[in-house]
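Biologist: I would like to learn how to read a model like this one, step by step. Could we look at it together?

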Amino acid sequence: MKSTFRCSSNIALVKYWGKKPEGIQLPANPSISFTLKDLYTETTVSVLGSNTSGNPEFNFLFEGNPKPSFIPKLTDFFDRILNNYSILKDFRLQINTSNNFHHGTGIASSASGFGALACCLAELEELHSGKPVSVEQISKTARLGSGSACRSMFEAPAIWGSHPSVQGSSNEYAIPFQGNIHEAFAGMMDAVLIVDSGEKSVSSTAGHELLKGNPFSPARCGEATLHLTELCTALETGNMADFIRVVEQEALQLHAMMMLSIPYFILIRPATLSIIEAVWAFRKETSIPVMFTLDAGANVHLLFPGVHYQQVKILIDSRLLEYCQNSEYFCSKIGSAPIKIQ
Ligand code: PMV
């Protein structure tokens, strides 16, 4: 028995930052993301033989090589999901995984990695137990590996976290955006500008932790809730100006929360700010709707409708590449559900 899946990374538009004090990996606030079709992980899980130990047993290869630093996170993950996956109790597993973006670019692979792994485990569990595993269950499983991974399950924008005006929304798993997306957002793209490919000085796990008891956290949760409403409305009405405002405000609030943590920390670099200023100047000059967002690092994601690809490429090549480490950037289309590889 074996299962192979490709699962894309995602970039949040409204950011998940901070966990609820109770439960495992439950978000303090709702978030919404785009999946990044062309930045993905491919994972194969194969059954090696029977497992008599009662504990999960697995071999893990990352891009063909052992990766001991990933083992503790995987072990915790398997312990969390053990009761829902009889394959983990009954079989020893071989896990082979690789990304199509090379490791060390600063692009987070935990969302695509745990997303792909959750899809493989679900398929094997279905084959073994004969019971179907729902997409909610797969998303929930992915969440228990890495919070944001639960949003990598849909072609449509993914909403994770309970929100009063989003029917069916849940802290446990992500759901696809149900509205009709306005044609203004057709063929959206993301150009990921690599400002710093090094290891982050503060991991997102540590960053989430620092929000517990932070006096600004309740206000931040309120902002994220409001922004999600505004963003969903903009997606349906085609109000690009509102969409841009919310996306950029969210990126800046995420990093402001890092600066407001104790101990405080800063993940953006001078080059991050130079790119943001150049994007603002370009937008003013051309009225082309290109906007920036950030994840928990120094790299800049430029989002824009695909019809503007040529102009944005000229912007990047002529004005932004000088701020990118090794002149490196990656372009991706938006929107892709996990794909089963035969
Ligand atoms: O899923 P984690 O624990 O790596 O946290 C992701 C946090 C952000 O990328 C900063 C925001 C988000 O919603 O993806």
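Modeller: Gladly! Keep in mind that this is a predicted model. Let us begin at the ligand: a polar side-chain atom of Ser146 lies 3.3 Å from one of its oxygen atoms. Ser204 also brings a polar side-chain atom to a ligand oxygen, here at 3.0 Å.

Biologist: Which part of Tyr16 lies 2.9 Å from an oxygen atom of the ligand?

Modeller: For Tyr16 it is a backbone N or O atom.

Biologist: How much of the ligand does the protein bury?

Modeller: The protein buries 90% of the 380 Å² that the ligand exposes when taken alone.

Biologist: Which residues are around the ligand?

Modeller: Among them are Ala12, Lys15, Trp17, Gly147, Arg151, His208, Leu254 and Ala296. Sorted by class, the shell holds five nonpolar, five polar and two charged residues.

Biologist: How is the protein chain divided into domains?

Modeller: Domain 1 covers 2-177, and domain 2 covers 187-333. Their contact takes 35 residues from domain 1 and 43 residues from domain 2. The C-alpha centres of the two domains are 24 Å apart.

Biologist: Where does the ligand lie relative to those domains?

Modeller: The ligand lies between domain 1 and domain 2, because both give residues to the shell around it.

Biologist: Let us turn to the cysteines. How many disulfides does the count give?

Modeller: The idea is to look for two cysteine sulfur atoms within 2.5 Å. By that rule the count is zero disulfides. For Cys120, the closest cysteine sulfur is in Cys119, 6.9 Å away, which is too far for a bond.

Biologist: Are Cys120 and Cys324 buried or exposed?

Modeller: Cys120 is buried, with a relative accessible area of 0%. Cys324 counts as buried as well, at 7% relative accessibility.

Technical notes. Residues numbered from 1 in each chain as written. Predicted model: local features only at pLDDT ≥ 70, side-chain atom pairs only at ≥ 80, totals over all residues. Heavy atoms only, no water. Buried < 20%, exposed > 50% of the residue type's maximum accessible area, 1.4 Å probe, protein only. Near = heavy atom within 4 Å. Polar contact = N/O pair within 3.5 Å; in protein donor to acceptor, adjacent residues only side chain to side chain. Areas by Shrake-Rupley, 256 points an atom, 1.4 Å probe, with all protein chains shown as cover. Nonpolar A, V, L, I, M, F, W, Y, C, P; charged D, E, K, R; others polar. Domains from an automatic or database assignment. Contact = heavy atoms within 4.5 Å.
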